[in-house]
Amino acid sequence: MPTLCEVTDLKAHFPLRGAGTLLRQLKGGAPQVVRAVDGVSFKVEDGETLGLVGESGCGKSTVARSLVRLLQPTGGTIRFDGTELTGLSKSDFDHKVRPHLQMVFQDPTASLNPRLTVRRMVEEPLKLHTPLTAAERRERTAAVLEEVGLGVELADRYPHELSGGQRQRVNIARALVTNPRLLVLDEPTSALDVSLRARVILLLEELRQRHGLSYLFISHDLATVRYLAQRVAVMYLGVIVEEADAAELFDHPAHPYTRALLAAVPVPDPDAKRDPFVLSGEIPSPIDIPEGCRLRARCPLAQPTCAQPVPVREVAPNHFVACHLV
């Protein structure tokens, strides 16, 4: 499949501010920087779902926001459908790219305007990004609402009159209305209860197959990622430590961090054989990241060589791991 989106060496660093930081600099200390994303590379193929997983705080949402230009990256490149995005002006990005690259946010309530009706929120991207007439916009809006399972009777309601699942369907409809090619889904089901989560997951997969969409699906729910994604990238402390086809990664995890993530997933069968692999300690601060492997202070397999720069090895076809010990 052709590559739709390619991210290369993406960095998002945030300098610390405040009295303590100023005092440190006055004393000759180096400025402190939070390295939230520190050299991330991946590809999303046309029609593919790439799952991006990891603990909270590892930089997943920062990658998502950088991709859709809600954050300006510190470094690296993002190519979407052959166009380099990081050098585009905001005006060019909004007019040429944003209709084709949309995002669904984690919180279905906070991402909706409480003063607008469902119809107005879903129709707004058409006003901004298409030459459609008012009648054509109404027709397109009604069709998309119907497609995501929201009847016409809900079109004139406000967000507070909807359930959590209905609000997230409004978010999905708003993202779909401009016929995008890539949807960035930032934990779109984490704020929903189990039954609503299952319905939204099934809806997303149905929409992907129907429209040939590509997804960057960001989540810490590994069971959902295993169902939706064709490929999975595992992120830890601002970098990707393992990437492989979904079946390969879940059946043969190679990086110690991936093993620990999968070992922590609850299994309903008490007699099921589990990998007892467990990490120790806490995640290091993104202000003071250790040299070499970022996991070495927590990894029970760590060796002196882990303090050296980490190579990325292909341990099986299309299975890449950043680890000295693999």
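**Helices and a sheet in a predicted model**

Helix 2 (residues 60–67) lies across strand 1, strand 2 and strand 4, and runs at about 115° to strand 1. Here helices (H or I, at least four residues) and strands (E, at least two) are DSSP runs numbered from the N terminus, contact means heavy atoms within 4.5 Å, and axes are lines fitted to C-alpha atoms, for helices over the stretch in contact, with angles from 0 to 180 degrees between N-to-C directions. This is a predicted model, in which local features need pLDDT of at least 70 and side-chain atom pairs count only at pLDDT 80 or more, while totals for chains, interfaces and linings use all residues. Residues are numbered from 1 along each chain as its sequence is written, and side-chain values use heavy atoms, leaving out hydrogens and water.

Student: In which order do the four strands of the open sheet stand?

Tutor: Two strands pair if DSSP finds at least two bridges between them, and five bridges join strand 1 (residues 3–15) to strand 4 (residues 75–80). Strand 2 (33–45) and strand 5 (83–84) each have a single partner strand, so they stand at the edges. With antiparallel pairing, the order is 2-1-4-5.

Student: How are helix 6 and helix 7 oriented to each other?

Tutor: The axes of helix 6 (residues 164–176) and helix 7 (residues 194–211) come within 10 Å and cross at roughly 15°. Angles under 35 degrees count as roughly parallel, over 145 as roughly antiparallel, 65 to 115 as roughly perpendicular and the rest as oblique. Helix 6 and helix 7 are therefore roughly parallel.
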